Amino acid sequence: MLEFNKSFPEGFLWGGATAANQVEGAYKEGDKGLSVPDTFPGGKNRHKIIFNPNFNLEINKDKYFYPNQEGIDFYHRYKEDIAMFAEMGFKVYRMSIAWSRIFPKGDEIEPNEEGLAFYDRVFDELHKYGIEPVVTISHFEMPLYLVTEYGGWKNRELITFFERYSKVVFNRYKDIVKYWMTFNEINAGLVMPLYGLGILIKSEEDKYQTTFQAFHHQFIASALAVKAGHEIIPGSQIGTMIVYVPTYSYDSNPENVIFALKEEQLFNYFCGDVQVRGEYPSFIKQYFKEHNIELEIQEGDLETIKDGTVDYIGFSYYMSRTEKKSKTAIEVGAGNIIGGVKNPFLSVSDWGWEIDPMGLRISLNQLYDRYQKPLFIVENGLGAYDKVEEDGSINDDSRIEYLREHIKAMGEAIKDGVNLMGYTPWGCIDLVSNSTGEMSKRYGFIYVDKHDDGSGTLERKKKKSFFWYKSVIATNGEQL
Ligand code: BG6
C-alpha cells in the first residue's frame with residue numbers, strides 16, 4: 001500500500017530569515033572591512049543608481065544616506081532579537097556571515113578574530129534557546145576590495161579566497177552549525193550582477209561573456225566549499241539557494257509557451273542544474289552559442305563541479321512571472337521587478353510584486369519533480385507599509401493573510417508528494433530592503449522603530465503577526 005503525505009511533517013523547520021548586510025549595521029566595528037552594500041545609497045532609485053555602469057562604489061555622505069551601514073543594529077541587539085525569535089518558537093534561524101567581518105579585504109591569509117568571535121556569540125545565543133542556525137556563507141555582501149581590486153567574480157582568484165573563507169567558517173563553527181548554503185540567490189547574478197557577482201556591466205560583451213565566466217568561477221568555488229564542508233562537518237547539509245520565479249505563458253499560443261519556457265530554463269534552472277546535478281544543462285550550450293559566450297574552463301573544473309553537488313535546494317519565493325514573446329510598449333515593464341507582463345489574475349503588493357500563493361505550490365512541484373532532493377523555502381514574505389496605532393499596536397492583517405495563503409499552498413504541495421524541510425519567512429524582524437534600501441518596506445513579525453532617513457529609536461515591538469506565527473509554529477501549521 002502506498003503511503004500518502006499528510007501535511008507538515010514532525011520536525012518541520014519553522015523559523016525566519018535575515019542577512020548580515022541588512023541587519024547588523026556596525027559596518028566598521030570589530031575590524032570589519034567595507035562590503036559592497038555599504039556603498040549602496042537608500043531610496044526608490046537605488047537600483048537605477050547602482051546599475052548605472054558608471055556607479056563608482058565610493059561613499060559620499062554629503063549626497064546620500066547609506067542604510068546598510070547601520071542596518072537595525074543587530075550587531076549590538078542580537079540577544080534581544082534572538083529572545084523574541086525564541087518566544088515565537090523558531091526551530092531555525094537563517095542568517096548570513098558577513099564575509100568582510102572575517103576577511104575585511106577578502107584576500108588576506110589570516111581571518112579576523114573579532115569577526116569570528118561575534119558569530120560565536122550569536123550562535124551561542126541561538127544554542128541557548130535550541131534554535132538551529134541555517135547559515136548563508138555569502139549573501140550579497142562581498143568585501144568591496146575584491147570588487148575594486150580584483151573585478152569581482154570575473155577574476156578566477158576569488159575561488160581561492162572563497163574556499164579559504166568557507167573552510168575557516170566550517171572549522172570554527174563545525175560543532176554548532178549543521179545547515180549551510182553557499183551563495184544567496186545565486187541566479188540573481190543574471191539580473192543583479194553587482195550583488196551576486198561583484199561586477200558592473202559596462203558593455204554588451206560584459207553582459208554575456210563576463211557574466212557567465214563569473215558564474216563559472218562561482219560554481220567552482222561553491223562546489224569546493226560543499227566538498228570541504230562535508231569533510232569538515234560530517235552530516236552537514238549544504239544547499240544551493242536560488243530565486244525561484246515560476247514563469248507562466250501569457251496564453252496558449254505555442255510561441256508564447258516556448259518563450260516562457262526558455263526564460264524559465266535560464267533564470268530558474270541554469271544555476272540549480274549546475275549545483276544540484278553537477279553539470280551544465282544541455283539548454284545552456286545553445287544559449288552560449290547564440291550569445292557568443294566561450295567559457296574558459298580549466299582542466300579539472302568540470303570534475304570539481306561534479307564532486308561538489310548540494311544536499312538540498314534552498315530557494316526564495318516572492319512572485320510568479322507571466323511571459324509573452326512580443327510585448328506592446330504598455331506591456332513592457334508592467335510585470336514584476338523580474339520582468340514579464342501583467343498577470344490579470346493576480347493582485348500586487350505596495351511595491352508592485354505580484355502575489356501568487358498557488359505559484360508557490362507550482363514551484364515546489366516543479367523543483368521536486370526536477371531534482372528529487374529536499375526543498376527548503378528560505379525566503380518568502382510581504383514587504384508592506386506598517387502603521388503603529390496610538391496604543392502602540394501594529395495590526396498587520398495583510399501580512400498574516402499573505403503568509404497564511406502561502407503556508408496553505410505549502411501544505412498542499414506536501415500532500416502532492418513534495419519533500420519540504422522547512423520555511424523561514426524573510427525579514428522576520430524588519431530590516432533594510434535590498435532593492436530600495438528603505439526601512440518602510442517591512443516584512444517583519446517584529447517592528448523596528450527605524451525610518452527611511454535613518455531616524456528612530458530602534459525599539460522593537462511585536463506585531464499582530466508575531467502572535468499569529470507563534471501559534472502556527474506551536475500547532476505545526478495546523479492553526480492558520
Ligand atoms: C531577496 C534577497 O532577493 O529578496 C533579500 O535575498 C531581499 O536580501 C529579499 O531583502 C526581499 O527583497 P527586498 O528588495 O524587498 O528587500
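Mentor: The second largest pocket has a volume of about 420 Å³, where a pocket is found on a 1 Å grid over the protein atoms alone and is an open set of points where a 1.4 Å probe fits, with protein on both sides within 12 Å along at least five of seven lines. The volume is the space filled by probe spheres set on the points, which are joined across faces, edges and corners. Before going on, note that this is a predicted model, in which local features need pLDDT of at least 70 and side-chain atom pairs count only at pLDDT 80 or more, while totals for chains, interfaces and linings use all residues. Residues are numbered from 1 along each chain as its sequence is written, and side-chain values use heavy atoms, with hydrogens and water left out.

Lining residues have an atom within 4 Å of a point, and the second largest pocket has 25 of them, with E185, M192, I337, W353 and N434 nearest its centre. By class, this lining holds 15 nonpolar, seven polar and three charged residues; Ala, Val, Leu, Ile, Met, Phe, Trp, Tyr, Cys and Pro count as nonpolar, Asp, Glu, Lys and Arg as charged, and the others, Gly among them, as polar.

Two or more lining residues come from each of α8 (193-197), α9 (204-232) and α10 (254-277), with helices being DSSP runs of H or I of at least four residues, strands runs of E of at least two, and both numbered from the N terminus. The largest share, four residues, is given by α9, and the lining as a whole divides into 14 nonpolar, two polar and three charged residues.

The largest cavity, of about 90 Å³, is lined by 14 residues, and F140, N184, Y195, G196 and Q218 are the closest to its centre.

Turning to the sheet, strand β4 (residues 179-183) is largely enclosed by the rest of the structure because five of its five residues are buried, that is, under 20% relative accessible area, as against over 50% for exposed and in between for partly exposed (1.4 Å probe, protein chains only). Strand β3 (residues 132-138) runs parallel to β4 and is joined to it by four bridges, and V134 has Y179 as its bridge partner in β4; two strands pair if DSSP finds at least two bridges between them. Y179 also has a bridge partner in β5, namely Q237, and β4 pairs with strand β5 (residues 237-243) in the parallel sense over three bridges.

Strand β2 (residues 92-96) is likewise mostly covered, with five of its five residues buried. In a regular strand the side chains alternate between the two faces of the sheet. In β2 both faces are covered, with V92, R94 and S96 buried on one side and Y93 and M95 on the other. β2 pairs with β3 in the parallel sense over five bridges, and R94 stands opposite V134.
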